[in-house]
Amino acid sequence: MKMHFCIPVSQQRPDALGGRYVLYSVYLDGFLFCKVRYSQLHRWNEQLRRVFGNCLPPFPPKYYLSMTASMADERRDQLEQYLQNVTMDPNMLRSDVFVDFLKLVQLDTFSITTEKASLDIFLPDGRSIKVEILTSDTAERVLEVVSHKIGLCQELLGYFGLFLIRSYKEGKLSVIKKLADFELPYVSLRSSEVENFKVGLRKWYLDPSLDSRLMDCRAAVDLIYMQAIQDIEKEWAKPTEVQRQKLEALQKEGNQTKFLELSQEVWHYGYVQLDPCTCDYPEPGCGTVLSVGNNEVSCCITLPDNQTQDVIFQMNRVKCWQVTFLGTLLDTDGPQQTLNQNLELRFQYSEESHWQWFVIYTKQQIEVPEQGKSKKHHSQQSQKDYSSFLPRKSKIKTAEVDCGLGTIKEEGL
């Protein structure tokens with residue numbers, strides 16, 4: 001599943017000439033990413049079109065007459081779908097015209113200027129590495145800086161990523177989301193009002209067999225070894241008692257290679273485990289713990305009678321995904337004040353020749369990397385399948401915010 005853009009809310013703002021314009025709050029994977037005007041996105045689309053031509057998805061047209069509230073809502077939905085579709089092309093994602101615009105709107109939204117800064121990047125063993133960056137450096141650039149500092153081979157960068165991680169006093173850890181290549185890690189940390197967020201370095205593949213491709217690089221082996229230990233300690237990977245004893249013995253010996261080889265046999269090794277959430281299977285409101293990896297979504301579901309049931313969904317039998325942003329925005333003028341922020345993730349699954357929907361309510365985005373491929377190895381224009389990601393309207397309650405639009409002239413947008 002790819003990253004998810006949505007525009008759950010828009011606001012009227014006065015301009016310098018006494019008119020009004022609409023400001024759209026763009027969320028990425030459930031977190032405020034930027035606030036932009038239609039005119040900014042329109043100019044960006046024109047720049048992209050000069051580079052990529054007709055490969056772009058359709059952009060919402062201009063209105064030359066007064067725009068009603070219903071027309072504004074329709075435009076908001078169209079802009080949301082445009083952003084979702086335009087990010088499906090890997091070549092576009094890496095283009096300067098794409099990245100430079102998104103860097104600018106992130107900085108402008110949170111009133112951050114480009115300057116030198118220090119950033120702590122946390123490793124799976126709890127240690128941190130301090131790197132010197134610019135506040136405008138993207139996650140891709142920061143990853144390059146970190147890799148150079150720890151000696152990670154450049155050709156292996158596509159197997160790792162920077163993640164937004166939340167730690168708790170009791171030692172619990174949540175991998176909230178992977179930072180997209182064009183996100184600015186410094187801005188992401190400063191813009192979030194949630195405490196104890198940090199940026200962590202983790203491997204970015206869910207097929208455990210890919211470990212073998214990294215074994216000739218000492219820094220890469222150190223990273224996946226640290227992550228394997230962490231995942232077992234956090235009980236995200238679940239060894240049997242016999243496996244645990246053997247792994248502990250290998251860890252005491254410092255035999256990383258044998259430790260990783262044995263880890264391949266551990267249940268859920270290399271998976272990403274989400275925080276407890278709810279689902280609608282076998283009935284609405286059931287609690288579940290999701291683990292995603294090795295081309296499957298594994299669910300441990302707590303039934304109404306407190307019994308548990310393990311259900312596995314193979315990714316190659318998922319027809320399409322739908323995502324809905326759920327939440328109550330308390331203060332849309334603030335950088336990010338969202339109460340009960342959730343994502344509704346639903347996918348259509350083939351079971352015994354029948355298609356059925358499975359719905360999950362979570363605060364974390366399920367993003368699955370392209371297996372077996374480094375992001376550096378894409379060279380040809382990809383075929384975009386917009387049908388695999390179906391649009392869903394966001395369900396937002398806004399407290400004490402007047403979002404009535406009345407009529408707005410196009411030049412004010």
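**Notebook: salt bridges and buried residues**

I looked up D125 and found it partly exposed at 39% relative accessibility (buried is under 20% relative accessible area, exposed over 50%, partly exposed in between, with a 1.4 Å probe and protein chains only). The model is predicted, so I kept to its limits: local features need pLDDT of at least 70, side-chain atom pairs count only at pLDDT 80 or more, and totals for chains, interfaces and linings use all residues. Residues are numbered from 1 along each chain as its sequence is written, and side-chain values use heavy atoms, with hydrogens and water left out.

I then checked the partner of D125: its side chain meets that of R127 in a salt bridge at 2.6 Å, N to O (a side-chain nitrogen of Lys or Arg within 4 Å of a carboxyl oxygen of Asp or Glu). I noted 12 salt bridges in the structure.

Next I followed K177. Its side chain forms a salt bridge with D29 at 3.8 Å, N to O. D29 sits in the loop between strand 2 (20–28) and strand 3, and K177 in strand 7 (residues 173–178), so the pair ties together parts 148 residues apart in sequence (strands are DSSP runs of E, at least two residues, and helices runs of H or I, at least four, numbered from the N terminus). K177 also pairs with E183 at 2.9 Å, N to O. I recorded D29, K177 and E183 as a linked network of salt bridges. D29 is buried at 2%, K177 at 4%, and E183 is buried too.

Last, I looked at N45 in helix 1 (residues 38–52). N45 is buried, with a relative accessible area of 2%.
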